[in-house]
Amino acid sequence: EMSFHKLDDCIQKLQDFNSQIQDGIEISYKVAYDCEENESGTEIVDKLHEVMIQYAKLKRDLKQCCEAANDSKNQFQSVLSRNNGSQEIGNFCEVYNKNLEALQSRNTDVELNEFTHVVDFKNTVWNQHHKLYEPSNVDNDCELEVTQDKTNQYICPITKTEFVDPMINTECGHSYSKEAILSHIQLSKRKCRCPVGGCIQLVRLESLKPNNVISFQMKNLCKTYWHLFDNIRNTELDIQIAVLQHDTRR
């Protein structure tokens, strides 16, 4: 008698990844809320919106993979019960791939934006942030003096964009993108003061060190997503192997 135990195990393993996807969504929200009250966090909020869409794609891929496997199993069980094993019933892997392709053929990018977590993110964090910080036509030629606090910890206070090779000033604890702070030091005609508003400390080349903590935090969300993505793809491969190993005859 044909056994589907290995296939059932693979399907369950795929379904279990939904909890990890939810963890990733919650991490994305946490990072977004840290940035939403700062104009300089717009770039990160926009990127997190794209991350939410990628999570929606993962959810869709998971669901379709499981549906195709279950539909194929049901088809085989139905055929087996009708012909009582008197004739060949075909190749399980071919049936699975056909069912999966049929589901994927209806996929659209538009539907990804309709997933609940994507809609909620857009209606709360994204819309609120863009409403608060609409582009301004006012030019600001003031001397460089910016603020930096824990809520925009991933934004360089000089470039107002995400840190690139973040460096920390050991004199005051403020951080900057490496190229930006080196340029700031080079352009200074006198002793270079920290560009963060209210800070009276100087910035010297010898006081700059790589900020490995911020580098790790910025990479953490991306690593979480891609690790999850790889795990799901590996489990999909397990399903392919499982269906290939099935004896399609009684």
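Where is the place of Tyr-33? Tyr-33 sits in helix 1, residues 5–35. We will come back to that residue. First, some ground rules.

This is a predicted model, where local features need pLDDT of at least 70, side-chain atom pairs count only at pLDDT 80 or more, and totals for chains, interfaces and linings use all residues. Residues are numbered from 1 along each chain as its sequence is written, and side-chain values use heavy atoms, with hydrogens and water left out.

Now the overview. The protein has 7 helices and 3 strands. Both are DSSP runs, numbered from the N terminus: helices are H or I with at least four residues, strands are E with at least two. Starting at the N terminus, the order is α-α-α-α-α-β-β-α-β-α.

How much is buried? Of the 250 residues, 39% count as buried. Buried means under 20% relative accessible area, exposed means over 50%, and partly exposed is in between, with a 1.4 Å probe and protein chains only. The accessible surface of the protein comes to about 15,100 Å², and 48% of that belongs to carbon and sulfur atoms. Those areas come from the Shrake-Rupley method with a 1.4 Å probe; for residues, only the protein chains shown count as cover.

Next, contacts, meaning heavy atoms within 4.5 Å. Take the contacts between residues at least 6 apart in sequence: 72% of them join residues at least 24 apart.

Back to Tyr-33. At 41% relative accessibility, Tyr-33 counts as partly exposed. Beyond residues up to four places away in sequence, Tyr-33 touches Thr-124 and Val-125. Tyr-33 and Trp-126 are 93 residues apart in sequence, yet 9.7 Å apart in space, C-alpha to C-alpha.

On to helix 3, residues 92–104. At 1.5 Å a residue, its 13 residues should span 18 Å, and the end C-alpha atoms are 18 Å apart, which agrees. The expected span is 1.5 Å times one less than the number of residues. Which residues of helix 3 are buried? They are Phe-92, Cys-93, Val-95, Tyr-96, Asn-99, Leu-100 and Leu-103. These cover an arc of only 160° around the axis, so they lie on the same side of helix 3. The arc is taken from the directions from the helix axis to the C-beta atoms. On the other side, Glu-94, Lys-98 and Glu-101 are exposed. Why a pattern like that? An α-helix has 3.6 residues a turn, so residues three or four places apart point the same way.

Now the inside. The largest nonpolar core has 50 residues. Such a core is a set of buried Ala, Val, Leu, Ile, Met, Phe, Trp, Tyr and Cys residues joined through side-chain atoms within 4.5 Å. Tyr-96 and Ile-181 are among those with the most contacts inside this core. Helix 2 gives the most to this core, with 14 residues. Ile-181 is in contact with Ile-158, Tyr-176, Pro-195, Val-203 and Leu-208, leaving aside neighbours within four places in sequence.

Then strand 1, residues 166–169, where we find Met-167. At 12% relative accessibility, Met-167 is buried. Met-167 and Lys-209 are 42 residues apart in sequence but 5.3 Å apart in space, C-alpha to C-alpha.

Neither is a glycine, yet Lys-160 has a positive phi of about 60°, and Asp-165 one of about 50°. Lys-160 is partly exposed, at 44%. Asp-165 is exposed, at 52%.
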